[in-house]
Amino acid sequence: RRGEGIDYSPNDVVFVFARQYGGSPMPIAAQRLMAGSLPAKVTLDDSTLMVQGRSLADFEQLELVARLSFSGAPNAQPGDYQVLLGPVTLSGIDEPITLIIDELIE
């Protein structure tokens with residue numbers, strides 16, 4: 001979901017991804033969707049992996065990121081909004097996690 005008061009177009013891009021907590025900023029698993037589809041249920045699992053030959057279970061701790069990108073690029077840009085949640089362990093997830101995009105990137 002997006003935070004209240006954020007001006008956006010339904011055609012703006014949202015990236016939801018998992019990356020190694022405290023590690024590389026590169027996503028391990030990711031999905032791209034349009035802002036007009038928010039709120040949305042997104043599942044990150046081995047079918048959404050960006051790292052060949054690995055599994056989400058290979059990573060002890062993850063950081064979950066949801067980013068509203070006005071440029072359409074996955075990299076954080078000033079003026080974009082995001083939410084970061086971590087550390088998250090797969091064994092610690094027993095119900096859906098709600099991410100609310102509300103942090104302005106400066």
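Start by selecting V14, whose bridge partner in β3 is L68. This is a predicted model, with local features needing pLDDT of at least 70, side-chain atom pairs counted only at pLDDT 80 or more, and totals for chains, interfaces and linings using all residues. Residues are numbered from 1 along each chain as its sequence is written, and side-chain values use heavy atoms, without hydrogens and water.

Seven of the eight residues in β1 are buried (under 20% relative accessible area, 1.4 Å probe, protein chains only).

In the hairpin of β1 and β2, with six residues between the strands, pick G22, which takes a positive phi near 75 degrees.

Now turn to the second largest pocket, with a volume of about 230 Å³ (a pocket is an open set of points on a 1 Å grid over the protein atoms alone, where a 1.4 Å probe fits, with protein on both sides within 12 Å along at least five of seven lines; lining residues have an atom within 4 Å of a point; the volume is the space filled by probe spheres set on the points). Select its lining residues, including F15, F17, M50 and R67. Strand β1 gives the largest share of this lining, three residues.

Finish at the largest pocket, with a volume of about 630 Å³. Closest to its centre, of 26 lining residues, are V42, T43, P96, I97 and L99.

Note on methods:
Buried means under 20% relative accessible area, exposed over 50%, partly exposed in between (1.4 Å probe, protein chains only). Helices (H or I, at least four residues) and strands (E, at least two) are DSSP runs, numbered from the N terminus. Two strands pair if DSSP finds at least two bridges between them.
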